[in-house]
Amino acid sequence: MSVVEDVKIRPASLTVGDRIRNLRLMQGLSVEALATPGLPVSVIELIETNQCVPPDDWIQHFARVLGVDMSALICPPKMALRQAAQALCEAGHDAVIKGRHEDAAEILSQAYQFTRAYNWQDLLASIGPDLSQVLQLTGQVSQAADFGLHILLSLPAHVDTKDRRHTLIRTGNALYQMNHFAMAAVLYDQVISEAGGDERIVMKMLLNTGLCYLNMGQFHQAYQTFEQCWDIGQQLNEPYWLAWIHIDLAACDLMQHQAKPRTRDHLEKAEEFALAAHDQAAYAAVIHDRGEYYLYQKQWKKAETCLIDALGYLRDDSASYAFILDDLAELYIHRRYWRKAQKIIQRMLKISRFIHNERIKGLAHRRQMQWHLSRQQKDEAQEYFYRALSVFNQIGHQLEVQQTLALWSQSP
């Protein structure tokens, strides 16, 4: 038996006669109270015991006497579906809490079909955050984005609820993972417009929006967005967020392969706040970025020390770990440490396969291209040039496409 089949849905078994009898008894009425000269007590008793199916005019009479809408008596399937959807929502939420993500995805997907078919907007809003989350956690990122967008389109734009906000954020996150940065930024901006003065939410969404601009290569706009975050962050005075704001401000230069005085200043402040927040991930990011700073300054030894140090703070099967390896491979290629560079590139490919991350695969191909170019092996380099371009085009990451083309154009 599947998980979904364990959900009990009792109301579907009630007949029209059952509903008439239940409502009559709840109101303390006798059978005689429903009778008319043309509808005697004996016939009503047959109806209530399911031995006679009443025509619509009789049902209309019963609804008028009992003070209910006629649909309460003649539309039990829709009522049952509503309660079924509610039961599925509860079961799905419970599965999320217990970490049964695959079960939750199955249950909530069925609940979504019920609620969308009947446009039960309150249930749609409550399903959105959980469904988007579990689909992303089970690797179904495109489905998470599709469901999220469908739910958001089904909800009135003026509805401002916590569930709607979470659906906007998680759908935006799914689009970000798919490299649909412009669409993700639109959803993050919508959250900002609906935040109602919640500065922490505004700051988080500005950070997300800034990262979208970074990945689209709109570096000036990204820097301005992170400066807005800094203005809010100063008021909140929370070291964790201040650390990440400075990390992202530094990234605006580093992603352009630039090491400016302001980059160094941002990294010094980021380290101070990361230590104050006791946040290992932020501290690792600072050390990584400092390694990139030295890399672009051509201070090879300092760069290598920082990058290797940063690896020690992260899991060796994470995307962040692979991005540091990418910089380390570049460093070894510059220093003509061919074997070390090859070993790093192979580790990147292994991680990309393990976590199913195509971007890391493309980065590994690009470093392989650079490795061959540095050894003046143009034909071999060209093969990896096409491989990298193919991967980045498939995942829609145009900044990586541009940077690959730029690196290729610099070759002798």
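Which helix does Gln 368 lie in? Select Gln 368 and you land in helix 19, residues 358–374; helices here are DSSP runs of H or I with at least four residues, numbered from the N terminus. Before moving on, note that this is a predicted model, where local features need pLDDT of at least 70 and side-chain atom pairs count only at pLDDT 80 or more, while totals for chains, interfaces and linings use all residues. Residues are numbered from 1 along each chain as its sequence is written, and side-chain values use heavy atoms, with hydrogens and water left out.

Stay on Gln 368 for a moment. Its relative accessible area is 5%, so Gln 368 is buried (buried is under 20% relative accessible area, exposed is over 50%, partly exposed is in between, using a 1.4 Å probe and protein chains only). Now show what it touches, skipping neighbours within four places in sequence: Gln 342, Ile 345, Gln 346 and Tyr 384. Contact means heavy atoms within 4.5 Å.

Next, select helix 17 (residues 319–334) and helix 18 (residues 338–355). Their axes are 9 Å apart and the packing angle is about 160°; axes are lines fitted to C-alpha atoms over the stretch in contact, and angles run from 0 to 180 degrees between N-to-C directions. Residues making the contact include Tyr 321 and Leu 325 of helix 17, and Ile 344 and Ile 345 of helix 18.

Now jump to Val 286, in helix 15 (residues 280–296). Val 286 has a relative accessible area of 0%, so it is buried. Leaving out neighbours within four places in sequence, Val 286 contacts Ile 247, Leu 267, Ala 270 and Glu 271. Try the distance tool on Ala 270: it is 16 residues from Val 286 in sequence, and 6.6 Å away C-alpha to C-alpha.

Time for the cores. A nonpolar core is a set of buried Ala, Val, Leu, Ile, Met, Phe, Trp, Tyr and Cys residues joined through side-chain atoms within 4.5 Å. The largest one has 58 residues, and Leu 131, Leu 214 and Phe 226 have the most contacts inside it. Helix 11 (residues 199–215) gives the largest share of this core, nine residues. Apart from it lies another core, of 55 residues, among them Leu 267, Ile 287, Tyr 321 and Ile 395.

Technical notes:
Helix = DSSP H or I, 4+ residues; strand = E, 2+ residues; numbered from the N terminus.
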